[in-house]
Amino acid sequence: MFSGNFKSLGESAMTIVYTREHEMFRQSLRKFLHKEVVPHFRKWEKERQVPKEIWKSFGRHGFLCPWLPEEYGGSGVGFEYSLIIMEEMSRADVDIPISLHSDVVVPYLFSYGDEEQKRRWLPGCASGDLLTAIAMTEPDAGSDLAAIQTAAVEEGDYYILNGQKVFVTNGWDCDLVVVACKTGNRPKPHHNISLIAVEDGTPGFIKSKKMEKMGRHTEGTAELVFEDCRVPRNHLLGQEGKGFYYLMEKLQQERLVAAIGSLCAAEKMFAEGLEYAKTRKAFGKPIGSFQYNSFKLAEMATEIEIARTFVERLVAEHIQGRELVTKVSMAKWWVSEMTNRVAAQVLQLHGGYGYMEEYPICRHYQNVRVDTIFAGTNEIMKSIIAKSLGL
Ligand SMILES: Cc1cc2nc3c(=O)[nH]c(=O)nc-3n(C[C@H](O)[C@H](O)[C@H](O)COP(=O)(O)OP(=O)(O)OC[C@H]3O[C@@H](n4cnc5c(N)ncnc54)[C@H](O)[C@@H]3O)c2cc1C
């Protein structure tokens, strides 16, 4: 999947090179979003539900998993197309967990699925007929993934899966969920973890609760329960006991996706703040003309520029297949904290209007709060960085 356009500027510096094809893709996505998504999105947000049909529309237009090879329904393009999708969705101010599906979950099916599994699931993933989720977190195991208790026991041609998962993005709407579970009792807990794909409708797979959240109301975050759930043994992804390794391998892209999401949100909020600072007047002057506010905006512009430079370089290096765990961890924590600073400052700049739901900054402020928590908390990111420093 590491195909794409990048330009090397030497051993340590790289950049993405955009072509006419990228620009055409961006324009057609922008048009699609403004025609089919933007006019309805606020209503969906209030209803806390995105119609499943819209996923098929994304799929029909080639906006789901564009990186998948054509034989599985994709376009065989590089990861920079995923960046374009995240950028345009943020600019259009719509939040549907497309990147979680396309760039976080489906890569597990592609990388660790056998040919039969790929033919069974991937075309639906690209068309939007099959929505995916990943369930790692449990009520008593989040950061410490090796402590999960959900377990699968072999019985003939089946695994009998029992356990509970929480905070599963897209879990409410998913047709297929990749479940991290224990399959064994080896002395080292992380050697017992396997990944099993469970289809919606499998007996014993229960979507028990749609979780109420501070923000991101269209992401169908769910609690999932597996009660003597009979999953065909050929739904195991890759090898038994290798799940922890697979998760670690894919977390690089998941955290890069998280950093990109935070960056795009910061850019969007900054644009709103700048516009507001130029138009809102107090004491007979635009509020942006007060030095305090103009300096705040100058600081935000600087930090966002630094973040974009770093993130784009990581995207280019990721496309090239480099191992970037430490740098991606740096990006994930720093960009998400910067984004939360931007959210608080832009909201403050809006005065009382910033607290009103009808102003976008109010929603953005709520939505970005989780950026420092999910995809591995920022404390865990700092632990990874500290370890790489020999600490
Ligand atoms: C909106 C949302 C969407 C999510 N989507 C998904 C999903 O799709 N799939 C999924 O599986 N999970 C998902 N998660 C779960 C998310 O990844 C976890 O919440 C996260 O990993 C933290 O786990 P926890 O909540 O159990 O916190 P805990 O692990 O209990 O941590 C609590 C606090 O202790 C800190 N802490 C823990 N260990 C250490 C340590 N060693 N050193 C220092 N500090 C530490 C943490 O940083 C945190 O501040 C989602 C969560 C949210 C809120």
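Visitor: Is Glu 357 buried or exposed?

Guide: This is a predicted model, in which local features need pLDDT of at least 70 and side-chain atom pairs count only at pLDDT 80 or more, while totals for chains, interfaces and linings use all residues. Residues are numbered from 1 along each chain as its sequence is written, and side-chain values use heavy atoms, with hydrogens and water left out. The scale is as follows: buried means under 20% relative accessible area, exposed over 50%, and partly exposed in between (1.4 Å probe, protein chains only). Because its relative accessible area is 52%, Glu 357 is exposed.

Visitor: What distance separates the C-alpha atoms of Glu 357 and His 191?

Guide: Glu 357 is found in the loop between H8 and H9; helices (H or I, at least four residues) and strands (E, at least two) are DSSP runs, numbered from the N terminus. Along the chain, Glu 357 and His 191 are 166 residues apart, and their C-alpha atoms are separated by 47 Å.

Visitor: What is the area of the nonpolar surface patch made by Tyr 353, Tyr 355 and Met 356?

Guide: Of the three residues, Tyr 355 is found in the loop between helix H8 (325-349) and helix H9 (360-368), and Tyr 355 is exposed, with a relative accessible area of 67%. Patches are made of residues with over 30% relative accessible area and no salt bridge, like charges being joined within 9 Å and nonpolar side chains (Val, Leu, Ile, Met, Phe, Trp, Tyr) within 5 Å. Accessible areas come from the Shrake-Rupley method with a 1.4 Å probe, and for residues only the protein chains shown count as cover. By these rules, the nonpolar patch of Tyr 353, Tyr 355 and Met 356 is about 360 Å².

Visitor: How many residues surround the ligand?

Guide: A residue is near a molecule or strand if one of its heavy atoms lies within 4 Å of it. The closest to the ligand are Thr 137, Ser 143, Thr 169, Thr 377 and Glu 379, and the number of residues surrounding the ligand is 16.

Visitor: How many residues of the shell around the ligand are nonpolar?

Guide: Ala, Val, Leu, Ile, Met, Phe, Trp, Tyr, Cys and Pro count as nonpolar, Asp, Glu, Lys and Arg as charged, and the others, Gly among them, as polar. On this division the shell holds 1 charged residue and 5 polar ones, and its nonpolar residues are 10.

Visitor: Which residue does Arg 216 meet in a salt bridge?

Guide: A salt bridge is a side-chain nitrogen of Lys or Arg within 4 Å of a carboxyl oxygen of Asp or Glu. The side chain of Arg 216 meets that of Asp 371 at 3.0 Å, N to O. Asp 371 lies in the loop between H9 and H10 and Arg 216 in the loop between strand E8 (205-210) and strand E9 (222-232), so the pair ties together parts that are 155 residues apart in sequence.

Visitor: Which residue of helix H8 pairs with Glu 317?

Guide: Glu 317 is buried, with a relative accessible area of 1%, and its side chain meets that of Arg 313 in a salt bridge (3.0 Å, N to O). Those two are separated by about one helical turn, because they are 4 residues apart in helix H7 (residues 291-319). A salt bridge of 3.5 Å, N to O, also joins the side chains of Glu 317 and Lys 327. Glu 317 lies in H7, so this pair ties together parts that are 10 residues apart in sequence, its H8 member being Lys 327.

Visitor: What is the phi of Cys 65?

Guide: Cys 65 lies in the loop between helix H2 (52-60) and helix H3 (80-91), and Cys 65 is buried, with a relative accessible area of 0%. Although Cys 65 is not a glycine, its phi is positive, at about 45°.
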